[in-house]
Amino acid sequence: MKYSIIVPVFNRPDEVGELLQSLAEQTFRDFEVIIVEDGSKTPCKDVCEPYAGILDLHYYYKENSGPGQSRNYGADRARGEWLIVLDSDVVLPAGYLAAADRELGSHPCDAWGGPDAAHPSFTPVQKAISYSMTSFFTTGGIRGGAARAALDKFYPRSFNMGIRREVYTRLGGFSKMRFGEDIDFSYRIVEAGCQTRLLPTAWVWHKRRTDFRKFFRQVYNSGIARINLSKRHPGTLKPVHLLPTVFTVGVICLALLFVCGLLISSFGGTAANKQLGQTVCQLSLLPLLAYGLIIFADSALRNRSLHVGLLSIPAAFVQLMGYGLGFIEAWWKRCVQGKDEFQAFEKTFYK
């Protein structure tokens, strides 16, 4: 068998149904599907059963241990030459596997990853979040996309990742990190001397988070993970990883400047001081308004929607500042206070 597709699932039966339907429509057929239910209270077994006669489908239920260990559980039971790891919230175009197989035939490698995009059926919020995670103007397109791959080695992400079975087994699969475990695995793949590639045509539709609160928590944890990863893999922290933190500090400084302007304007006494306070307020808001306008225009054009363009403004601020705040907290605990990763963030590791 050529490919084993491994999908860890946690309380997302509806998403699994959409993913399985897209797998049933693949033009390339030499693959199996392994669904690993990670201790879900709302299991997807009933959703999987109708596809048992359509796909070479294997369903397993296990106690909760996190996505990384669930992928390892599935890998232990896989039969394919290649292991393809997907998140449960992705949907595949019909030619996904055919495209991956074609590119691997012409450009062999040991591990690969593919890009993601927003499906037309996604909600405006999902499209805005997808934009913020893939745009050059939010650094998402630099830190994880084709631009980064052209400048540095490519590190696959677990929402759309393939690896030779032999390499997966030799390296021991994913660690027990709760956040950043896929990047940790990618670093270990590269450090082992294996070749990685971005397969541009093996792309998926990726739903990501469905609201800004969940999205903030996701990117906040990603900021924490970046410091933990830099400790595990010295030299992997690049200047581009600092950009969200620089943005966050800049926004905080501008907010403080705005408050100072209000205080000067309100309590300055003289007309000159009031004018000075108003000027300070205006100047502090100008960079934020300019950035918001850039985000709005770019996203509205890319998504062909003014609504998505407007939603992309808060999505961009959540993406950058959530990541930046998580990064700052982890930097303080790990680099200043000197705590190890378990002391600093016990909840970010599975036992």
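Strand β6 (residues 111-113) and strand β9 pair in the parallel sense over 3 bridges, where strands are DSSP runs of E of at least two residues, helices are runs of H or I of at least four, and both are numbered from the N terminus. Pairing here requires that DSSP finds at least two bridges between two strands. Within this pair, W112 stands opposite R197 in β9. The model is a predicted one, in which local features need pLDDT of at least 70 and side-chain atom pairs count only at pLDDT 80 or more, while totals for chains, interfaces and linings use all residues. Residues are numbered from 1 along each chain as its sequence is written, and side-chain values use heavy atoms, with hydrogens and water left out.

Strand β6 is also joined to β8 by 3 bridges, and these two strands run antiparallel; in β8, the bridge partner of G113 is M161. Strand β8 pairs with β4 as well, in the antiparallel sense and over 5 bridges, and there V85 stands opposite M161. Of the 5 residues of β8, 4 are buried, and the strand is mostly covered, buried meaning under 20% relative accessible area, exposed over 50%, and partly exposed in between, with a 1.4 Å probe and protein chains only.

These pairings belong to an open sheet of 7 strands in the order β3-β2-β1-β4-β8-β6-β9, with mixed pairing. Its edge strands are β3 (57-62) and β9 (196-198), each of which pairs on one side only. On average, and with direction ignored, neighbouring strands of this sheet are turned by 20 degrees against each other; axes are lines fitted to C-alpha atoms, for helices over the stretch in contact, and angles run from 0 to 180 degrees between N-to-C directions.

Helix α4 (residues 96-106) packs on the sheet and touches β1 (3-9), β2 (31-38), β4 (82-86), β6, β8 (160-164) and β9, contact meaning heavy atoms within 4.5 Å. The direction of α4 makes about 130 degrees with that of β1. Helix α9 (residues 181-191) also packs on the sheet, touching β6, β8 and β9, and its direction makes about 35 degrees with that of β8.

Elsewhere, the axes of helix α5 (residues 124-134) and helix α12 (residues 271-303) come within 11 Å and cross at roughly 115 degrees. The two helices are therefore roughly perpendicular to each other, a class that covers 65 to 115 degrees, whereas angles under 35 count as roughly parallel, over 145 as roughly antiparallel and the rest as oblique. The contact is made by K127, Y131 and T134 of α5 together with I295, D298, S299, R302 and N303 of α12.

Helix α5 also holds P124, which counts as partly exposed at 32% relative accessibility. Leaving aside neighbours within four places in sequence, P124 is in contact with H307, V308 and L311. P124 and T134 are 10 residues apart in sequence and 15 Å apart in space, C-alpha to C-alpha.

Two loop residues other than glycine have positive phi values. For R304, in the loop between α12 and α13 (306-336), phi is near 55 degrees, and the residue counts as exposed at 79% relative accessibility. For N11, in the loop between β1 and α1 (13-24), phi is near 60 degrees, and the residue is partly exposed, with a relative accessible area of 30%.
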